[in-house]
Amino acid sequence: MSNNKNEIFEKVKECLVQALGVDPDEIQMKSSLTSDLGAESIDYLDIVFRLEKTFKIKIPRGDLFPESLLTSDENVKDGKMTAAGLAKLKEKMPYADLAEFEKNPVISNFANLFTVEMLVNYVVDKLNVAAH
């Protein structure tokens, strides 16, 4: 991890401590926002707001947490994400590690994609785009 990524991780960590009221020691790169840190859907709005403010970036609705993919029959069938849904997910979330989810794309596991590392990667990507 570069210094830049370490700095971003530290700032993301601060945002999560404020948004979720968790101990900073609980926050690791691989921590799931939902299962490890206890985030609920309402917390995602607070996290987005704090990331925007901290990093002075704009995060379009549904960009960081594309739950809208879960509401289409084309993307979800019998409680699992379809091949078309996975393709859209890869397109929408290039900053997320989808390897485990792809093995068993059950919708109930969807929230596990949202990790601290995903947030850090997203911010790095946003800042890199803004810098060019």
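**Close-up views of a predicted model**

View 1. Thr115 sits in the loop that joins α4 (99-103) to α5 (116-131). With neighbours within four places in sequence left aside, the contacts of Thr115 are Met29, Lys30, Ser31, Ser32 and Leu33.

**View 2. The second largest pocket.** This pocket has a volume of about 280 Å³. Its lining comprises 14 residues, and Asp97, Glu100, Asn112, Leu113 and Thr115 are those nearest the centre. Two or more lining residues come from each of α4 and α5, and α5 gives the most, with three residues. Sorted by class, the lining of the second largest pocket holds five nonpolar, five polar and four charged residues.

**View 3. The largest pocket.** The volume of the largest pocket is about 330 Å³. It is lined by 15 residues, with Leu45, Arg61, Gly62, Phe65 and Glu67 the closest to its centre. The lining of the largest pocket consists of seven nonpolar, three polar and five charged residues.

**View 4. The largest nonpolar core.** This core contains 41 residues, and Val12, Leu16, Leu33, Leu51, Leu64, Leu89 and Leu119 have the most contacts inside it. At least two core residues are supplied by each of α1 (3-20), α2 (41-55), α3 (83-92) and α5. In soluble globular proteins, nonpolar side chains tend to be buried together.

**View 5. Contacts of Leu51.** Apart from neighbours within four places in sequence, Leu51 is in contact with Val12, Cys15, Lys56, Ile57, Ile59, Leu64, Leu119 and Val123.

Note on methods. Residues numbered from 1 in each chain as written. Predicted model: local features only at pLDDT ≥ 70, side-chain atom pairs only at ≥ 80, totals over all residues. Heavy atoms only, no water. Helix = DSSP H or I, 4+ residues; strand = E, 2+ residues; numbered from the N terminus. Contact = heavy atoms within 4.5 Å. Core = buried A, V, L, I, M, F, W, Y, C linked by side-chain atoms within 4.5 Å. Buried < 20%, exposed > 50% of the residue type's maximum accessible area, 1.4 Å probe, protein only. 1 Å grid on protein atoms, 1.4 Å probe; cavity = no way out; pocket = protein on both sides within 12 Å on 5 of 7 lines; lining within 4 Å. Points joined across faces, edges and corners; volume = space filled by probe spheres on them. Nonpolar A, V, L, I, M, F, W, Y, C, P; charged D, E, K, R; others polar.
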